[in-house]
Amino acid sequence: RADQGAVWVEDVQELPPSLRFFTGGDMTVRGFGYQDISPVDENGDRLGAKYATALSLEYDYKVAEKWRVATFVDTGTATNDYTEDWKVGTGVGVRWLTPVGAVRLDLAFGVSEDQVPMRIHFTLGPEL
């Protein structure tokens with residue numbers, strides 16, 4: 001999976017926060033919290049960014065009719081100039097296939113950090 005977003009403005013502060021980019025979480029870079037990846041101000045508040053990129057590679061292995069095990073690696077950033085290091089998450093998960101889509105439970109680690117965060121991600125439904 002690959003996601004790319006961009007807005008062309010001189011100053012990201014001109015945009016309302018709802019139009020700025022953030023990344024991180026179960027649909028972008030697992031191992032990080034929802035919208036945790038973003039430029040921050042001097043107080044540590046997340047500002048949002050002009051650009052966002054997220055890449056994910058996942059392998060699912062069938063272990064039973066409706067069950068899969070998965071391994072994955074995700075990387076991405078939300079940035080104003082692409083000078084920051086990208087965040088990387090990796091982990092394992094299980095998938096249960098249901099009529100309404102897969103139930104996914106992932107254990108992910110933010111391996112790009114000095115203090116490696118661990119997160120559990122739970123999602124339900126088809127991947128869009």
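In which loop is Thr28 found? Thr28 sits in the loop that runs between strand S1 (2-6) and strand S2 (51-64), where strands are DSSP runs of E with at least two residues and helices are runs of H or I with at least four, numbered from the N terminus. The structure is a predicted model, in which local features need pLDDT of at least 70 and side-chain atom pairs count only at pLDDT 80 or more, while totals for chains, interfaces and linings use all residues. Residues are numbered from 1 along each chain as its sequence is written, and side-chain values use heavy atoms, with hydrogens and water left out.

The protein chain contains six strands and zero helices, and its elements follow the order β-β-β-β-β-β from the N terminus on. Taken along the principal axes, the C-alpha atoms fill a box of roughly 50 × 30 × 20 Å. Of the 128 residues in the protein chain, 38% are buried; here buried means under 20% relative accessible area, exposed over 50%, and partly exposed in between, with a 1.4 Å probe and protein chains only. The accessible surface comes to about 7,900 Å², and carbon and sulfur atoms account for 58% of this area. These areas come from the Shrake-Rupley method with a 1.4 Å probe, and for residues only the protein chains shown count as cover.

Contacts and charges complete the overview. With contact defined as heavy atoms within 4.5 Å, 49% of the contacts between residues at least 6 apart in sequence join residues at least 24 apart. The protein chain carries 12 positive and 20 negative side chains, and the centres of the two sets are 11 Å apart. Lys and Arg count as positive and Asp and Glu as negative, whereas His and the chain ends are not counted; each charge is placed at NZ of Lys, CZ of Arg, CG of Asp or CD of Glu.

Back at Thr28, its side chain reaches the backbone nitrogen of Gly24 at 2.8 Å. A polar contact of this kind is a pair of N or O atoms within 3.5 Å; within protein, one atom must be able to donate a hydrogen and the other to accept it, and residues adjacent in sequence count only if both atoms are side-chain atoms. Not counting residues up to four places away in sequence, Thr28 touches Arg1, Thr23, Ala54 and Asp74. Ser56 belongs to strand S2 and counts as buried because its relative accessibility is 13%. Its side chain makes a polar contact with the side chain of Arg30 at 3.2 Å.

Gly91, in strand S4 (residues 87-98), is buried as well, with a relative accessibility of 7%. Leaving aside neighbours within four places in sequence, Gly91 meets Ala70, Thr71, Phe72, Leu107 and Ala108. Its C-alpha atom is separated by 8.9 Å from that of Gly110, a residue 19 places away along the chain.

The aromatic side chains deserve a paragraph of their own. A search of the whole structure finds three aromatic pairs, with rings of Phe, Tyr and Trp (its six-membered ring) pairing if their centres lie within 6.5 Å; planes under 30 degrees apart count as stacked, over 60 as edge-to-face and the rest as tilted. One of the pairs, Trp67 with Trp96, is stacked, at 6.0 Å centre to centre and 15° between the planes. Trp67 is part of strand S3 (residues 67-79) and Trp96 of strand S4, so the pair ties together parts that are 29 residues apart in sequence. Trp67 is partly exposed at 41% relative accessibility, and Trp96 is partly exposed at 39%. Tyr82 and Trp86 form a tilted pair, with 6.4 Å between centres and 40° between planes.

Most residues other than glycine have a negative phi. Tyr82, in the loop between S3 and S4, has a positive phi of about 60° although it is not a glycine. Gln35 likewise has a positive phi of about 60°; Gln35 lies in the loop between S1 and S2 and is partly exposed, at 30% relative accessibility.
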